[in-house]
Amino acid sequence: MTDVNWVALIILVVLFAMVAVMGFWASRWRRPDSMESLDEWGLGGRSFGTWITWFLLGGDLYTAYTFVAVPAAMFGAGAVSGFFAVPYTIILYPIIFIFMARLWSVSHRHGYVTPADFVSGRHGSRGLSLAVAITGFVATMPYIALQLVGIQAVLEVTGVGGSGNVLAADLPLFIAFLVLALYTYT
């Protein structure tokens, strides 16, 4: 504990506590009539307004990918290797605003919850729908791994991770995951 950056650790703990409290508060915010609908589990009952959706999209776009992976690529292989993220985002925003609004309206009208539901309903192909579902699942795995690596990097900077003891090195990560799982479940 001699290498702990106390200022960074205190800021991290305060922000973590705030997010955890907001997560538990959000679980009580709008209680559904029934949790038997996939809309409730996957889409929050389709009741997120513009304000909440704006924060959710910001959380998706500006994550460990933005602050860990792109700078690491630029540092490791030169500025050109990571610079693709800037024009990619500039081009992607208008595409998202044009096509995703239509995708949302069609999905809302027909009750689609996942991209696989959309493909199944629009194209009537179970095989194509299964391929989209598997692709989405497999593509999520490296993203989750990147988030965990980002959390571990933050914990190492604060001085509470990265020790020789595997359990001690990963304990803060397990605690963060446990709190996230608890308020996701509630």
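Reply: A residue counts as buried under 20% relative accessible area, as exposed over 50%, and as partly exposed in between, judged with a 1.4 Å probe and protein chains only. This is a predicted model, in which local features need pLDDT of at least 70, side-chain atom pairs count only at pLDDT 80 or more, and totals for chains, interfaces and linings use all residues. Residues are numbered from 1 along each chain as its sequence is written, and side-chain values use heavy atoms, with hydrogens and water left out.

Me: Is V14 buried, partly exposed or exposed?
Reply: V14 lies in helix α1, which covers residues 6-29; helices here are DSSP runs of H or I with at least four residues, strands are runs of E with at least two, and both are numbered from the N terminus. The relative accessibility of V14 is 44%, and therefore V14 counts as partly exposed.

Me: How many helices and how many strands are in the protein chain?
Reply: Read along the sequence, the pattern is α-α-α-α-α-α-α-α-α. The count for the protein chain is therefore the one that follows from the DSSP runs: nine helices and zero strands.

Me: What span does α8 reach from its first C-alpha to its last?
Reply: Helix α8 has 33 residues, and the expected span of a helix is 1.5 Å times one less than its number of residues. That gives an expected 48 Å for α8, and the span in the model is close to this, at 48 Å.

Me: Is T158 buried or exposed?
Reply: T158 is found in helix α8, residues 126-158, and T158 touches D3, V4, N5, A8, L9 and L12, leaving aside residues up to four places away in sequence; a contact means heavy atoms within 4.5 Å. The relative accessible area of T158 is 3%, so T158 is buried.

Me: Which residues of α8 are buried?
Reply: Across the protein chain, buried residues make up 16% of the 186 residues. In helix α8 the buried residues are S129, L146, G150, L155 and T158.

Me: Which helix has the highest mean pLDDT among the elements of the protein chain?
Reply: The pLDDT is the predictor's confidence in each residue, from 0 to 100, and the mean for the protein chain is 78, with 82% of its residues at 70 or more. Among the elements, the lowest mean, 67, belongs to helix α2 (residues 38-43), while the highest, 92, belongs to helix α7 (residues 115-123).
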